[in-house]
Amino acid sequence: MKLCVALDLASRKENLDLLETLKDNEIWVKVGLRSFIRDGKEFLHSIKAINPSFKIFLDLKLYDIPNTMGDSIDEIVKLGVDMVTLHASSGREGMCEVMEHLKAIENPPLVMAVTALTSFDEKSFFEVYHNDISSQVLEFAKMAFSVGVNGIVCSCLESLQIKKAFGQDFLTLTPAIRPFGEGSGDQKRVANLQDAKEAMSDFIVVGRPIYKAENPRAIVRKILESMELPC
Ligand code: C5P
């Protein structure tokens, strides 16, 4: 299991100061909409300047027509990131287009399909998708798997069933982790570290419990140590 630290702070400087305190750790760094819209690709260079071995997860959640998805992944490849997201609900054709564009690339980024956002509860999910979360995540995963996407973004509540259905190599990335039972904020389907381990999550994403902590460095160390312990 790998830890992705979400850089969702209010300024470039705050994000980089946070990373500076975490630079001795083996972590993935998640750059989402807030940071990327504000700070652009230069920000990715600044992350690597702090520690070149940080892996970068660019969480832009692509959702568009297939042609635009394909063109966008070509541009993303030039950024040299290690993992990207698209929405499974953008459909088979769009996901397929992205995977086709990556075929000729030597070290392509991992592509993860977002299924049900962890901020959805059953009621708000049904309003949009007219299905229950667990069944729809399975449907999305089937589609993503069939076109060669590397894995899905889901909650820990769905991760284990996905592993059972599609095998170990089909990755799960689980946000809304509250490692030691911290407050959930806007997230509805949260899980702690133990849940994430039992759910066989490959990547956990942690934002606020780290960057809002009094001592983010200590929390990260504690998370990494706990991740090493058996279930
Ligand atoms: O602060 P918190 O730990 O809730 O942050 C979760 C991060 O994971 C945010 O950056 C959010 O955009 C992202 N994310 C999510 N749910 C998804 C996909 C990504 O919360 N399904």
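Reply: Helices (H or I, at least four residues) and strands (E, at least two) are DSSP runs, numbered from the N terminus. Here, H3 is followed by Gly80, whose phi is positive, near 70°. The model is predicted: local features need pLDDT of at least 70, side-chain atom pairs count only at pLDDT 80 or more, and totals for chains, interfaces and linings use all residues. Residues are numbered from 1 along each chain as its sequence is written, and side-chain values use heavy atoms, leaving out hydrogens and water.

Me: Which residues of H3 are buried?

Reply: Buried means under 20% relative accessible area, exposed over 50%, partly exposed in between (1.4 Å probe, protein chains only). In H3 (residues 66-79), the buried residues are Met69, Gly70, Ile73 and Ile76. They cover an arc of only 120° around the axis, taken from the directions from the helix axis to the C-beta atoms, which puts them on the same side of H3.

Me: What do the buried residues of H3 pack against?

Reply: Contact means heavy atoms within 4.5 Å. The partners are strand E3 (55-62), strand E4 (83-87) and helix H4 (92-102).

Me: In what order do the strands close into a barrel?

Reply: Strands of a sheet pair through backbone hydrogen bonds, either parallel or antiparallel. Two strands count as paired if DSSP finds at least two bridges between them. Eight strands close here in the order E1-E2-E3-E4-E5-E6-E7-E8, with parallel pairing. E6 (residues 151-153) and E7 (residues 171-174), for example, share three bridges, and Gly151 stands opposite Leu171 in E7.

Note on methods:
The expected span of a helix is 1.5 Å times one less than its number of residues.
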